[in-house]
Amino acid sequence: MRKRLLAPLSAAVCLTVALVAGCGSASSTGASSTAAASGSSKAAQPAMNYTSPNGTEYEWQPAGIYYTANSDRILIDYCAYMLEHPLQSNGDGVIFASLDDLTRIYAPDFTVTRDGDAISATHAGVTMEVTLGSTSAKAYGGSVTLDAAPYEADSTVFVPLKSFMVSGFGKTDVSNGKFYGLGNNGDFQVSKDDVYNLKMFFRGKTVGKSYYTYWNDEIGKLEPVAVYIPTSYDPSTPNKMVVQLHGAGSTYAFADQDRVRPLMKEAEQRGYIVVWPGSYCKLCNFGASIPPAGMVPITPDTDLTNPQGHSAGKLADIALAGSNVQVCLDWVESNWNININAEYIMGISMGGCGTWAQLSLYGDRFAAGSPSGAFLEPTCFDWSTITTPVMYVGGTEDRNGYDLMVNAYDIAMSQGANIEKFVTVGGAPHGDEWTQEIPETFDFFDSHTK
């Protein structure tokens, strides 16, 4: 049995989903922008690295951060990050951040080396040199002046956040009232629409849908996740949980789509926590290296273990995308009281493929699963690994081919897959079938506890 930590997440790290509409917006309504730090001109922005070490594009590519003075949390886009060291302010109103936190916020593109009081920070290929106690620094081959001198406290180095990131690394500096932002591009703003939601974030939101970040040590960066907490949540009582995996055209922010609202309504009525993780890298299928049935031709020369001919690097990233779901769920368990015998998984399209992969690789974690919109290519997958009870949901008008799904189902059953139900939704196109079976899906989950 896995160890479960029961350290409740601070209410202050929660964020209302409405911030999605304003985050990273090009709108400048009500926003002011500072083009340069004190005593220096604004540097050119370095190009962020948005690909994994294996060359696969990251799914999450944040546009910037939001922060306020003396806070123990920031937003990366609209995802909460709890700082290892709270932001500090001096008497002149300069806000300081620790290099420890900047290394995580901008990972894997931010590294720091130190030689005594001399510090060298590299971000996206650009290096800035600073010295403790001095406002003079070097960046882009020239001199810049910081708003205040970096200092050390309790073995932690703090730097003036705005001027350090704007002068040294060309970030876009924007503000609106008491809220501040640092963008990775010139369109990043803090609009009037953002302010209400920023207030809610810094005030705290304990129930409903919010967005967070967690650290994945294996991939060396923060990852995003959306979580729905029902109003009935009681930290003293273990709660049921369902994780839903998004399709190829979406991200973890799939949770913000209108078609997900009925799922949250059902979760609210039944007291479920709902989790929407990202897939680490684009099109990495949450760990599924086998494509949907019929996607690629299967010939005598096909490598049945790698029918799409992925490179070794892409296969490694697919595996990391699969283990990332598990890291995410470990993080959820460490922050909310989860009944580890009542964890369920569902997914649509790419997420359906990922659901099959998660049930195959980590089936002992889940009490039941419900993929939809995709059966894995039946000749390339070991269906005997599906021992967790499954309810599959298919639509007759699915572009992936309802007939192919039925054929794959027959092969899966012949190999002993534990598919208890194959639910057909007449007339449902791809991506719509699961929305019409939400109560039935929860009934299925409720009927299974490990």
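Modeller: A search of the whole structure turns up 2 cavities of 30 Å³ or more. Keep in mind that this is a predicted model, where local features need pLDDT of at least 70, side-chain atom pairs count only at pLDDT 80 or more, and totals for chains, interfaces and linings use all residues. Residues are numbered from 1 along each chain as its sequence is written, and side-chain values use heavy atoms, with hydrogens and water left out.

Colleague: What makes something a cavity, and what makes it a pocket?
Modeller: On a 1 Å grid over the protein atoms alone, a cavity is a set of points where a 1.4 Å probe fits but cannot get out, while a pocket is an open set with protein on both sides within 12 Å along at least five of seven lines; lining residues have an atom within 4 Å of a point. Points are joined across faces, edges and corners, and a volume is the space filled by probe spheres set on them.

Colleague: Which residues are closest to the centre of the largest cavity?
Modeller: That cavity holds about 180 Å³ of space. Of its 17 lining residues, M48, P62, I105, Y106 and A107 are the closest to its centre. The lining divides into 12 nonpolar, 3 polar and 2 charged residues (nonpolar is Ala, Val, Leu, Ile, Met, Phe, Trp, Tyr, Cys and Pro; charged is Asp, Glu, Lys and Arg; polar is the others, Gly among them).

Colleague: And what lines the second largest cavity?
Modeller: P292, A293, A374, F375, N400, G401, L404 and M405 do, around about 40 Å³ of space.

Colleague: How big is the largest pocket?
Modeller: Its volume is about 230 Å³. Among its 15 lining residues, L283, N285, P292, M295 and M350 are the closest to the centre.

Colleague: What is the omega of the bond between A107 and P108?
Modeller: About 5 degrees, and the bond is cis. Most peptide bonds are trans.

Colleague: Why is D77 called buried?
Modeller: Buried means under 20% relative accessible area (exposed is over 50%, partly exposed in between, with a 1.4 Å probe and protein chains only). D77 has 9%, so it counts as buried. D77 also has a positive phi of about 55 degrees, although it is not a glycine.

Colleague: What makes S349 buried?
Modeller: Its relative accessible area is 15%, so S349 is buried too. S349 has a positive phi of about 60 degrees without being a glycine. Most residues other than glycine have a negative phi.
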